[in-house]
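Student: Can you walk me through this one? I'd like to start with the ligand site.

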Amino acid sequence: MANIIDGKKIAADVRADITARTEAFKNERGYAPGLAVVIVGEDPASQVYVRNKKKACEDVGFYSEVHEMPAQTTMEELLAKIEELKNNTKIHGILVQLPLPKHLDEKAVIAAIPPEKDVDAFHTINTGKIMLGEYSFLPCTPAGVMKMLEYENIDVSGKECVVVGRSNIVGKPMAMLLLHQNGTVTICHSRTKDLAEVTRRADILVVAIGKADFITGDMVKDGAVVIDVGMNRRADGKLTGDVDFATVEPKASAITPVPGGVGPMTITMLLENTLTAAKTTI
Ligand code: NDP
């Protein structure tokens with residue numbers, strides 16, 4: 001029987017700590033850390049994420065603003081909005097909810113956010129710092145995974161770590177963070193030959209591919225720690241991960257469920273990044 005890593009509980013504990021540190025920050029500075037979230041268009045999933053972010057900010061005592069812009073917003077209008085937020089002293093973190101409508105250039109939008117307010121850590125400066133291990137902000141999902149491992153006293157040093165998925169927001173930074181903790185890291189992707197042979201080597205297996213129940217029990221070593229980043233909607237509307245929980249859980253020593261695993265940690269790390277941004281603003 002695996003230890004089911006309770007992401008909700010860990011997130012609640014970390015958020016309680018952030019709330020206490022926010023209170024101390026407000027007493028010292030006389031203002032609250034501020035996050036601005038910009039959403040363009042009406043993608044229902046993005047709207048839910050943005051609502052959750054606003055609520056999370058309120059819960060820990062942050063100031064927050066949501067800027068809703070219509071789907072036909074131009075690049076000029078969006079860049080002007082970022083410029084306005086850049087100069088707003090109440091705002092320490094700026095987040096533009098992705099994906100953007102197709103006519104907008106995501107890379108140019110991310111580049112326009114000042115690195116010191118880039119609480120998603122997607123700006124090339126922040127991405128580069130992750131490579132060097134000199135970061136102030138970490139991308140929220142991989143940071144959340146590392147926090148969970150720390151919380152569960154799972155030592156990464158010397159372990160075989162396999163990350164399945166190489167996206168810029170999850171897989172690649174995840175691999176770097178495990179490497180910085182002295183894991184022996186392998187990154188797999190859609191061209192990996194004999195994926196199961198690689199995943200079976202993992203002491204710590206992190207899966208972020210976006211395919212429901214893809215990793216099955218036969219692909220996992222006995223006693224592995226399995227972290228499921230995937231969030232997939234089944235036909236019946238239920239949320240499921242990239243890991244087939246029913247067959248993997250009996251083999252794992254620890255596993256994250258979906259929902260209630262990595263998901264709650266992601267917004268928590270956004271809050272952590274926003275507090276860091278506020279603290280580093282003079
Ligand atoms: P992307 O689609 O950007 O990347 C998916 C990666 O998986 C790619 O590198 C791709 O390889 C790889 N891949 C796809 N199919 C296979 C396969 N058959 N075998 C091996 N590798 C494969 O996804 P994201 O990284 O953005 O997200 C991954 C999952 O994590 C999604 O379910 C997403 O919803 C979830 N997610 C969850 C978050 C949370 O808070 N819990 C936050 C962010 C994401 P290649 O590069 O070769 O195409």
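Tutor: First, a term. A polar contact is a pair of N or O atoms within 3.5 Å; within protein, one must be able to donate a hydrogen and the other to accept it, and residues adjacent in sequence count only if both atoms are side-chain atoms. This is a predicted model, where local features need pLDDT of at least 70, side-chain atom pairs count only at pLDDT 80 or more, and totals for chains, interfaces and linings use all residues. Residues are numbered from 1 along each chain as its sequence is written, and side-chain values use heavy atoms, with hydrogens and water left out.

Student: OK. How far is the polar side-chain atom of S167 from an oxygen atom of the ligand?

Tutor: 2.5 Å separates them. T266 also faces a ligand oxygen, with a side-chain N or O atom 2.7 Å away. K211 puts a polar side-chain atom 3.1 Å from a ligand nitrogen.

Student: And how much of the ligand does the protein bury?

Tutor: 72% of the 940 Å² that the ligand exposes when taken alone. Those areas come from the Shrake-Rupley method with a 1.4 Å probe; for residues, only the protein chains shown count as cover.

Student: How many residues surround the ligand?

Tutor: 22, with R166, S167, S190, M231 and T266 the closest.

Student: Which helix gives the most to the shell?

Tutor: α10, residues 262-280, with 3 residues. Helices (H or I, at least four residues) and strands (E, at least two) are DSSP runs, numbered from the N terminus.

Student: Switching to the fold. Is β2 mostly enclosed or open?

Tutor: Largely enclosed by the rest of the structure, because 7 of the 7 residues in β2 (34-40) are buried. Buried means under 20% relative accessible area, exposed over 50%, partly exposed in between (1.4 Å probe, protein chains only).

Student: Which residues of β2 point which way?

Tutor: G34, A36, V38 and V40 go one way, and L35, V37 and I39 go the other.

Student: What does β2 pair with?

Tutor: β3, residues 63-69, in parallel, through 7 bridges. Strands pair if DSSP finds at least two bridges between them. I39 stands opposite E68 of β3.

Student: What about α7? Which of its residues are buried?

Tutor: G171, P173, M174, A175, L177 and L178, in a helix spanning 171-180. They pack against α5 (124-132), α6 (140-151), β5 (160-164), β6 (184-188) and β7 (204-207). Contact there means heavy atoms within 4.5 Å. After α7 comes N182, with a positive phi near 70°.

Student: How exposed is D213?

Tutor: Partly, at 23% relative accessible area. D213 has a positive phi near 55° and lies in the loop between β7 and β8 (225-228).

Key
Near = heavy atom within 4 Å.
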